[in-house]
Amino acid sequence: SDYDINSCSTYRRNICSEDSDSVICEDIRKLDIENLPPIDAFAYGFPCNDFSIIGEQKGFHGKYGPLYTYGIKVLDCFCPKFFLAENVGGIASANKGKAFDKILFDLENAGHGYEITAHLYKSENYGVPQTRHRIIIIGIDKRLNLQFRVPAPTTALSPKTVRETFENPPIPSDAFNHEYTRQSDKVIERLKYILPGENIWTTDLPDRLKLNVKGAK
């Protein structure tokens, strides 16, 4: 379920091609949850806008913060055997940490009760060439007497580089969505100054190529 038509089209094509009608393109606040088909495994990423550290961190006081409760409704209604919930790392500090505590409490006590394991995953520790950090919460029905164990990092000591990802194995010439982006001559010149391991803020750029912005890093 998603209210963005392009996201739903992506799901239909890549995940649910044999059952495209199972993808519901609708605002979760208007969705008739109680009359959905049975659910025995549940995965959801509730909106992160109000929890992100680069936003205003309004938490529960924002427009999107309270939307996690619709996942709670699914858990209460269908009591799936397990669930996975995902959000940004900033959720742990929103509303001085009280928002995250409330979410974990509600998830643990939904349905028949869930054994909760919450962990901050750092993607660079798992073979992804990007420092993207996300909290993933796994809940297993307490009646099953099982506990999820966080997988050990695979590349913590030797992070995978973007170059390795692109070249081993190489991207085929006919790969989808692999066209060069159109960049201005100034952007192309700026990129030539940035060495491996550097970025726009740490490289030594001539004044004419520096970004004219304040407060960013």
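This briefing covers one valine, the cysteines and the aromatic pairs of the structure above. The model is predicted: local features need pLDDT of at least 70, side-chain atom pairs count only at pLDDT 80 or more, and totals for chains, interfaces and linings use all residues. Residues are numbered from 1 along each chain as its sequence is written, and side-chain values use heavy atoms, with hydrogens and water left out.

**Valine V23**
- V23 sits in the loop between α1 (5-14) and β1 (41-44). Helices (H or I, at least four residues) and strands (E, at least two) are DSSP runs, numbered from the N terminus.
- V23 is buried at 10% relative accessibility. Buried means under 20% relative accessible area, exposed over 50%, partly exposed in between (1.4 Å probe, protein chains only).
- Leaving out residues up to four places away in sequence, V23 touches C8, Y11, R12 and C16. Contact means heavy atoms within 4.5 Å.

**Cysteines**
- The count of disulfides is zero. A disulfide is a pair of cysteine sulfur atoms within 2.5 Å.
- The closest cysteine sulfur to that of C16 is in C8, 9.9 Å away, so it is too far for a bond.

**Aromatic pairs**
- The whole structure holds five aromatic pairs. Rings of Phe, Tyr and Trp (its six-membered ring) pair if their centres lie within 6.5 Å; planes under 30 degrees apart count as stacked, over 60 as edge-to-face and the rest as tilted.
- F83 and Y114 pair edge-to-face, at 5.2 Å centre to centre and 80 degrees between the planes.
- F83 lies in strand β2 (residues 82-88) and Y114 in strand β3 (residues 114-122), so their pair ties together parts 31 residues apart in sequence.
- F83 is buried at 0%, and Y114 is buried at 1%.
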